[in-house]
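Visitor: I am new to this structure and would like to learn how to read its features one at a time. Could you take me through it?

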Amino acid sequence: MMGSLSHQPQGIARLAHWLKAGARRAASLLLPPEAEERGRLRLRVFRIIALADLTLGLYYIVWRYTASLNMRALWFAIPLVLAETYSFIDTILFIFMMWKPPRRAAPPPLEGATVDVYVTTYNELVELVRLTAEAATRITWPNTQVYILDDGARPVMKAMAEELGCGYITRSDEWTGKPRHAKAGNVNNALLQTFGEFILILDADQIPAPQIVDRCIGYFRNPQVAFVQTPQYFYNLPPGDPFGSDAPLFYGPILQGKDGWDAAFFCGSNAILRREALMQLGLTGYVQEMEQRVRRGLSEIERDLARREADTPVQRAALHSLRPALIQARQSLKDGQPLEVVSDIVRDAVAAAQQTVAQQDMAAIAEDLRAMAAAGDETAAQVSQFMLERLPDLAREVTESAPSGPEAVGLSPQAIEDLALTRADEAVPVMALATFSITEDMATAMRLHAMGWRSVFHPEILAYGLAPEDLGSALKQRLRWAQGTIQVFLRENPFLIKGLSFPQRLQYFTTMYSYFSGFFNLIYVLSPIVYLFTTIPPVSAWSLEFAWRLVPFLLLNKLMFRYVAWGLSIWRGEQYSLALFPLWIQAVVSVLAGAKLKFVVTSKQRQTGNYLHLIRPQLLIVWLTALAIMYGLFSFIVGWNLQVEGTLVNIFWGCYNIVMLSAIVRAAVYKPPASWEARPPAFLFPSGYPIHSSAN
Amino acid sequence: MDLQITEKLLSDKRAVVTLSGRVNAVTAPDLKAQLKRLAKGGHIQLVIDLTDVPFIDSSGLAALVSGFKAAREAGGTIKLAGLNEQTRTVFTLTMLDRVFESYPDTGAAIDTLAFG
């Protein structure tokens, strides 16, 4: 690059220099000198663009519904207009999100705060974790203790932790044989063993800057702030970011926008959390879970009662004796009595019913014995008398020494288990980080917000980590995020859980909504193919009116995104948001189908090979589009199709789709240049870059 | 101020655990370990006396919950005694008053324990 510049004629170079200087001068005259003033101006301009964009969008979409559907091909017209509606709603949500970003300035540090740094690892190489742990020990905040949370329980990792003076935490023995809940379980386990007031969570590869705590801890001066999230950036992006890992728009304007609505996300790493908030979340979660179980237990017993009418008279009588207890239990629950009281009412009644059954069983035996005695059996007569005399005591002894279980009175064991208040299926009762989803971070943040906690996105880059270095790993990571997000959407829908403000609900919904784009993007990539092969248009006419309604909206929309991104590179992200449509479809379908999802630890090492087999749908679309374009041209030339406008529009559209999909095709066969080497930025290592012998 | 934990065994199953000091993230692991040890030794009918506990945070509560879980799994329970205004507030705030029964003093709490 430098070489080619020096070959330019002197004059052109000088001209370019003048032009640049002139532009800078003009900008400095036009833009207010104060950063705050500039920010305000930028926001105002954004709002004007956004309102204009919305107006044009509405102008277009209303016309699409009312005047331009091809009524003779509704099978084609309706899917396309639905896709366009999806995109328009997406734009509305985006504009709402970006409407009032806060102007954050880091407050002075919260003196005396104690901070635990958690470096979470499962199977990463020791040398990689060492880089992070060492950097963590160089964090300048005085009251900091670093812990390595090693879910792999590896002796080498322990030795390394000791060498660096870090704490080393593995799962306590309570976890044996219980669900481990991946990273969320790892952190929950450590929370019960360390005692800093604040927790900085770092993924194994996220190397923190020394000032990370100093810069963020001040936000906790506000006692309502539960967490401060900082961006996730990567130091190993190959030139041009072939896999689209870089997310500057998300870890910048988007999170700032969400922060403006008090809904900054917790993204799993590079965030500081308030222990008290996490523990409170875990405790209320525990109580809710217990209460749910008691309710479920009561309902189950009630159902058993309704169902078991036809059983033996003895069982029926015993079950009936439970009725008053159940009514009393429901009432106690309503009155807010301790759950144990509720549980004990029912459990005592069940025990009494079991005794009644045992007593009547024994009475029946005694009856039989008496019959035998009447036939002359001496011993039988004695035993029968003995039993009849001490029936209640015997029944109690029998039920106590050999518990018959709830089945004896016709109850399902699950109901009694629910009433036991043990949470026996979990290793630790208090789960601070949500464990029901493979994206535990999003679910946790939403629950914290629902409890009324506040959050902060601090936009300064204070850590650098590793992005996937091959398409296979990158796709796996994206699939996990998508699946986890949709899982949260279904299990804890932001519109249904209590305690969120409406804008907060929208912020969570906006992110979830975007993962449904796969279906609509499929329609977008198929449309030009269908038209070029069949000449059936989805719109009533490729008219001039169509052009002047759509084109200004499209252009302004693109401009708005560029404006929001303000110099950040978002092109690769744009390409991937279209090109990943099969992955998003797969995510939605797999979650809806109830597939069991596994937390996948993102691979931090390059897997060699090509990945064309992972992008077959995209390859097929590219191939079909190319074919359709050629066919469209050919049929136009030979005169089968005389629709100039339609053919041109769709050839252009098809080319656009191919350009968008080309990124992922290139990524599938990508090999980084031999000279390229990933190195963390120098500012993370104020005293020089560490060099270790890689003896592991 | 450190947390002092003293236990008085009433029988093979019943015991009173008296806490004195602040129950927070620093002292919670000790409390949790102590409660687990008692449950392992068969003392599963416990009264925890919080009269001399001026402050308890949610990490302290989590330790109590861990103990409660261990006791319940063995068929026992934990009752609380002597909550003051601060400690009562955190129990209410976290809704843990729905889980733990509490009594004004240890005597009243012991009376509600099952015999054994």
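This is a predicted model: local features need pLDDT of at least 70, side-chain atom pairs count only at pLDDT 80 or more; totals for chains, interfaces and linings use all residues.

Visitor: Which residues of H1(B) and H2(B) make the contact?

Guide: From H1(B) they are Ala28(B), Leu31(B), Lys32(B), Leu35(B), Lys36(B) and Ala39(B). H2(B) contributes Ser59(B), Gly60(B), Ala62(B), Ala63(B), Ser66(B), Gly67(B), Ala70(B) and Ala71(B). By class, the contact holds 8 nonpolar, 4 polar and 2 charged residues.

Visitor: Where is Ile44(B) found, and is Ile44(B) buried or exposed?

Guide: Ile44(B) sits in the loop between H1 and strand E3 (45-52) of chain B. A residue counts as buried if 20 or more other C-beta atoms lie within 10 Å of its own. Ile44(B) has 24 within that distance, so Ile44(B) is buried. Apart from neighbours within four places in sequence, Ile44(B) is in contact with Lys13(B), Ala39(B), Ala71(B), Ala74(B), Gly75(B) and Gly76(B). Take Lys13(B) as an example: Ile44(B) and Lys13(B) are 31 residues apart in sequence, yet their C-alpha atoms are 5.7 Å apart.

Visitor: What does Asp57(B) touch?

Guide: Leaving out residues up to four places away in sequence, Asp57(B) touches Asn24(B) and Ala25(B), and also Glu276(A). Asp57(B) lies in the loop between E3 and H2 of chain B, and with 20 other C-beta atoms within 10 Å it is buried.

Visitor: Now the two chains together. How many residues of chain A are in contact with chain B?

Guide: 26 residues of chain A are in contact with 23 residues of chain B. On the side of chain A, the elements giving two or more residues are H10 and helix H13 (339-374). H10(A) gives the most, with 11 residues. Sorted by class, this side of chain A has 16 nonpolar, 5 polar and 5 charged residues.

Visitor: What should I know about nonpolar residues inside a protein?

Guide: In soluble globular proteins, nonpolar side chains tend to be buried together. Here the largest nonpolar core has 193 residues, and those with the most contacts inside it are Tyr118(A), Val119(A), Leu200(A), Ile272(A) and Leu273(A). Helix H10 (residues 275-307) of chain A supplies the largest share of this core, 10 residues. A second, separate core has 5 residues, including Tyr60(A), Val539(A), Phe546(A) and Leu550(A).

Visitor: Which residues does Leu273(A) touch?

Guide: Not counting residues up to four places away in sequence, they are Phe198(A), Ile199(A), Ile201(A), Ala226(A), Phe227(A) and Leu278(A).

Visitor: How is chain A divided into domains?

Guide: Domain 1 is made of 35-99 + 516-594 + 611-668, domain 2 of 115-282 + 436-468, and domain 3 of 312-409. The C-alpha centres of domain 1 and domain 2 of chain A lie 37 Å apart. Between these two domains, 14 residues of domain 1 are in contact with 13 residues of domain 2. H22(A) provides the largest share of the domain 1 side, 4 residues. That side has 9 nonpolar, 3 polar and 2 charged residues.

Visitor: What is there to learn from phi angles?

Guide: Most residues other than glycine have a negative phi. Leu421(A) has a positive phi, near 55°, and Arg423(A) has a positive phi near 50°. Leu421(A) is in the loop between H16 and helix H17 (440-450) of chain A, and Arg423(A) is in the loop between H16 and H17 of chain A. Leu421(A) is buried, with 25 other C-beta atoms within 10 Å, and Arg423(A) is buried with 20.

Methods:
Residues are numbered from 1 along each chain as its sequence is written. Chains are lettered from A and ligands numbered from 1 in the order in which they are written. A nonpolar core is a set of buried Ala, Val, Leu, Ile, Met, Phe, Trp, Tyr and Cys residues joined through C-beta atoms within 7 Å. A residue is buried if 20 or more other C-beta atoms lie within 10 Å of its own, exposed if 12 or fewer, and partly exposed in between; C-beta atoms are placed from the backbone. Two residues are in contact if their C-beta atoms, placed from the backbone, lie within 7 Å. Ala, Val, Leu, Ile, Met, Phe, Trp, Tyr, Cys and Pro count as nonpolar, Asp, Glu, Lys and Arg as charged, and the others, Gly among them, as polar. Domain bounds come from an automatic or database domain assignment.
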